[in-house]
Amino acid sequence: MLLVLGRRVSLSFVKRVIPQDPVLLSKPILQNFRTIKFRVIHSSTVFAIATRQNTDTMPERRPFVRLPTDVYPVNYGLCLKPDLIDFTFEGKLEAIVEVNLATNQIVMNCADIDIITASFVPEGGEGEEINATGFNYQNEDEKVTLSFPSALQKGSGTLKIDFVGELNDKMKGFYRSKYATPAGEIRYAAVTQFEATDARRAFPCWDEPAIKATFDISLIVPKDRVALSNMNVIDRKPHPEDDSLLEVKFATTPIMSTYLVAFVIGEYDFVEGQSSDGVTVRVYTPTGKAEQGKFALEVAVKTLPFYNDYFNVPYPLPKIDLIAIADFAAGAMENWGLVTYRETALLIDPKNSCSSSRQWVALVVGHELAHQWFGNLVTMEWWTHLWLNEGFASWIEYLCVDHCFPDYDIWTQFVSADYTRALDLDALDNSHPIEVNVGHPSEVDEIFDAISYSKGASVIRMLHNYIGDEDFRKGMHSYLLKFQHKNAATEDLWDCLEQASGKPIALVMSSWTKQMGFPIIVVDQEQQGDDRILKISQKKFCASGPHNGEDCPNWMVPISICTGEDPGCTKLKVLLDSPETTITINSVSPDQWVKINPGTVGFYRIQYSSAMLESLLPGIRDLTLLPVDRLGLQNDLFSLSRAGMISTVEVLKLMEAFVNEPNYTVWSDLSCNLGVLSSLLSHTDFHEEIQEFIRDLFTPIGLKLGWECKQGEGHLDALLRGLVLGKLGKAGHKPTLEEARRRFKDHVEGKQILSADLRSPVYLTVLKHGDSATLDTMLKLHKQADMQEEKNRIERVLGAISAPDLIQKVLTFALSEDVRPQDTVSVIGGVAGSSKHGRKAAWKFVKDNWEELHNRYQGGFLISRLIKLSVDGFAIDKMAAEVKSFFESHHAPAAERTVQQCCENILLNAAWLKRDADDIHQYLLKRKAPPV
Ligand code: BES
Ligand code: ZN
């Protein structure tokens, strides 16, 4: 499994099974029910406990100060003239500003820009123009102070600044993106990426989300280029001094934050549609590829009215463009009216795109369009509330995809992709609360992580379930109306939801957003006549085992309960607001199982008493438990085993109970956890035995699915086939390997082109067991590929190659011109995640090439992903020390927390291995031995 764009993307995988004895987790999970004293929760005191950070190891941050508010912008008149040959740009800013307090200085954000002249013209000042006498750049703070010879008086005025800058190659600010024309000529587009704090690299500005203003943007561009910005074009005329240039003027924007401003100048084709609510939607593609924009257009045209209806607030701009940018660091960016995407997050070729790409495009479009309301119309007051933007969009993108593509069963996928990922990260001592104080840009970059996205989305899902859809929508509507064109903080949303629902939302939710971590709910039961009595308690769950200290934090936990009588129906809902409680469920016969958290909606893990757990396990084999609950149960137990609370052998036994499993997402999650285990056991000399286990587990489903798509199959069957065949192939399942080789040969020879859904598993399989000729063929396919999706597909599996010299070749390739800068990370990550040797080689490569890599990503979030992918898989104590010491001398400010999380993970892996390796080995040997 690779982390791509912050999501779990499974590359493949899996195998065959011998039915085992009924799975019983023999080791009692809950030894005895311990009484914990009731403690009243006071949000401010109790929640402070878990927000405590590991400050002892954090290097000191420099003090950060927000911009003064004595002068603020009302309207930016901005004209930019990029030079696509010399990679420079000239800019002219004429900003209408309001002076609140007489001052002879204006402090603004500004980075990597040279100011040529600056002056101030007071409104009604009869032509009086006050020239600035000094520009004092505070480079570290990314600010400039303009000094004037006399005080600017309270009132309005125009600040005029002429400046120049570079169209950089760092994928941030105003930058250049390389592309080839259909004839193969290399050219450059000029594009922007401003979130979080890089508008200041394109023009001097008040680059804080709460300092909103309107924008009048003009671009001076070569006349054969497309020029786009947030708004529609209102004027296009030849440049008076150069008739090869056009001056394109855009309509005035609504009042908005700087990070949402965007412009693009390049060569593109487009497809256009109209949403039922009257918005013109265009999807811009590279020239000659307009067809590939059709899928995203369909999604966007359905999505806009969906949100319009859900929020009951119309989309406020006349148009929206979605555009694919060749060099793009994030997955996509929600600039108001001009959403930018990586090519692979927007373009779909009906023949060559696989099912998971379509799903990804739908999710990303759903995510970015949600931001047009939630983020753009109402913006977080400060980056501390970034999670509001990202958590909310990461939740509602699923609601939107569920609406557009009900056959994707996308909510079950949410649990595997976001919910479990958030639980894993948030169980670390080096996690952080959802709401986190941030100041300096590197701190802001650092919180674009799984806590803001996946935990944010998970707690909103829990909240939506707690409130109910009707009141939730009511609350959302009043929040958007009340704060439209303004800024809001987390509490503002809680207020509106509280009003709409009459429930104590702020109290419940602050326990989830202000303190890091989450509880493990410990449950035991007793039958009393017709009633079932549950004893429920909570304590903080830590990846190293439950929190046993005195100062254990508490959460306000919405708990729902179902029984075997109707597994899909919630029988009882309670709000656990204390460390422990007792619940009576009426009319439950002794033979009925009772399950906590049906739907796996509550953000917690569960530790059942052994009797309760045993009663639930048959529901896995006979599929009476819902898929999402089978998945959740397996994932909880896997996580408990990593934390040393149950033996990993018990989890292996549990996994064998999934032999009849038909559900893609359940397999996907299982496969992912087996991947983690396989990576752990690659540190031992019995790695082959776990491969055999994987082959055995995945073989029956592999046989059932076969290689050919059958009539009537849908999206999830395609995903499942790819997953299972890839897993089997990687684990060395001979028939799968042989068939993969045969199909690969036909594909390369052009006899029978592989269907898009089979390419990843086939490529992975042949590479894993391939030689230098296989690698060369794959590199050739990479060169020939016209679609970025195909290039990425190949890049992500190259690391599977086994021979050390070939691994080296893949690493060198990762930094070559053939790989887009944003994709280097997944090539190196693919190497690190594939084998023991790959892991070592990738880490050495990162160290040896640190300067180049760090410079390439300028400390942005890609560097955090690179570090995580490269070192998270180690399982030896001394590697944690090595990683720590390397980053002490090689600073990556935006990745400080990631480094700490990785070191913690390495130590956890090492402890897990020491604790369970022998037992796992014995179990794997025993299951192979013929019965006596
Ligand atoms: N606002 C972000 C883009 C972004 C990410 C800007 C990181 C600055 C730093 C955008 O809405 C987003 O979340 N994009 C995701 C894709 C999404 C579907 C999860 C991404 O880029 O990974
Ligand atoms: Zn987002």
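Leaving aside neighbours within four places in sequence, Asn376 is in contact with Lys212, Leu260, Glu334, Asn335, Trp336 and His371. In this predicted model, Asn376 is placed in the loop that lies between α3 and β23 (378-380). Because its relative accessibility is 0%, and residues under 20% are classed as buried, Asn376 counts as buried.

One of the residues in contact with Asn376, Glu334, is also listed, together with Glu195, Gly331, Glu368 and Tyr453, among the residues that come nearest to ligand 1, out of the 17 residues around this ligand. The shell around ligand 1 is made up of eight nonpolar, four polar and five charged residues. Two elements, β21 (332-333) and α3 (355-371), are each found to supply at least two residues of this shell, and α3 gives the most, with four residues.

Polar atoms of the protein approach both nitrogen and oxygen atoms of ligand 1, as the following distances show. An N or O atom in the side chain of Glu390 is 2.8 Å from a nitrogen atom of the ligand, whereas a polar side-chain atom of His367 lies 3.0 Å from an oxygen atom of ligand 1. For Ala332, the backbone provides the atom concerned, with an N or O atom that lies 3.2 Å from a nitrogen atom of ligand 1. Taken alone, ligand 1 exposes 500 Å², and 97% of that area is buried by the protein.

Methods. Residues are numbered from 1 along each chain as its sequence is written. Chains are lettered from A and ligands numbered from 1 in the order in which they are written. This is a predicted model: local features need pLDDT of at least 70, side-chain atom pairs count only at pLDDT 80 or more; totals for chains, interfaces and linings use all residues. Side-chain values use heavy atoms; hydrogens and water are left out. A residue is near a molecule or strand if one of its heavy atoms lies within 4 Å of it. A polar contact is a pair of N or O atoms within 3.5 Å; within protein, one must be able to donate a hydrogen and the other to accept it, and residues adjacent in sequence count only if both atoms are side-chain atoms. Accessible areas come from the Shrake-Rupley method with a 1.4 Å probe; for residues, only the protein chains shown count as cover. Ala, Val, Leu, Ile, Met, Phe, Trp, Tyr, Cys and Pro count as nonpolar, Asp, Glu, Lys and Arg as charged, and the others, Gly among them, as polar. Buried means under 20% relative accessible area, exposed over 50%, partly exposed in between (1.4 Å probe, protein chains only). Contact means heavy atoms within 4.5 Å.
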